[in-house]
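Please read the following note with the sequence and the model side by side. It concerns the links between side chains.

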Amino acid sequence: MLISPVRWLCSPLLLGWLVGTNGLIALAGRSVHAAELRCDGTLLQLSVSESGEMRSDRFRFSLVVSAEAGTASAAMDQLNQRLASVRSRVGPLSLGDLKIPAPRSYSTGGSGAKPRHQHATTSVSGEVGRSNYDALIQAAARLPGVALRGMTSLAEDGGKKTLEDELLRSALRQGEHQAKTTANALGLNQVRLMRIDQRGVRAVNSTVKYSRLPSQKFDPGEAPKPRQSITLNLDYCLF
């Protein structure tokens, strides 16, 4: 928080907001030729952050499929068999197509009396709905050579925009409250918002990693929810 008793001129070119009955209307990149905003009182600069959770209606899963054999050809044959099992067991549970990149091959061992081992590995990713959340975890965990690396919560359609609007309104209310509190402490009566600088909206999808097969079913409602945050830099004129 920065308070400075200055006379301040601000041309609202960066970003302005109107709060009306129909919601928030953004004004960005417009050149305003009317009279410049003037603060003949005390300038208060605030940084306000808000965050919240979104409901998840689907999850992105990530699997690693690996194979090992004495020859590169045998390792690839084994990998193909395991991929076929993944396609047949996991494919029907997923939303849309599975994504499988080209495999990677490498060798290990071969020193002294130890035989050389050939490896082949690839990944499988896709999305699954809430109804098949536990079924996919159980199926993937029981397939040989398959490791479930995680399930990432994804926000439902429209959830990000709805939460973003709620966070913006909350941040503006918080900024106004702080400005009025500061004005009252200084013996001032009026507060006017001069500038809003929105530093962006940050969305974080939560990923759960699994190292072993659970002893009970997983409830998608217990999975960490995706989060979103917003930061506003606000300038107020107190007088």
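The points below take up the disulfide and then the salt bridges.

1. This is a predicted model, in which local features need pLDDT of at least 70 and side-chain atom pairs count only at pLDDT 80 or more, while totals for chains, interfaces and linings use all residues. Residues are numbered from 1 along each chain as its sequence is written, and side-chain values use heavy atoms, with hydrogens and water left out.

2. The count comes to 1 disulfide (a pair of cysteine sulfur atoms within 2.5 Å), and it joins Cys-39 to Cys-237 with an S to S distance of 2.0 Å. Cys-39 belongs to strand E5 (residues 37–39) and Cys-237 to strand E14 (residues 227–238), so the bond ties together parts that are 198 residues apart in sequence; strands are DSSP runs of E, at least two residues, and helices are runs of H or I, at least four, numbered from the N terminus.

3. The torsion about the S-S bond of Cys-39 and Cys-237 is about 85 degrees, and the disulfide is therefore right-handed. Both Cys-39 and Cys-237 are buried (under 20% relative accessible area, with exposed over 50% and partly exposed in between, for a 1.4 Å probe and protein chains only).

4. The whole structure holds 8 salt bridges (a side-chain nitrogen of Lys or Arg within 4 Å of a carboxyl oxygen of Asp or Glu). One of them pairs Glu-53 with Arg-227, whose closest N and O atoms are 3.5 Å apart. Glu-53 lies in strand E6 (residues 42–53) and Arg-227 in strand E14, so this pair ties together parts 174 residues apart in sequence.

5. Lys-161 and Asp-165 also form a salt bridge (3.4 Å, N to O), and both lie in helix H3 (residues 159–185), 4 residues apart, about one turn of the helix.
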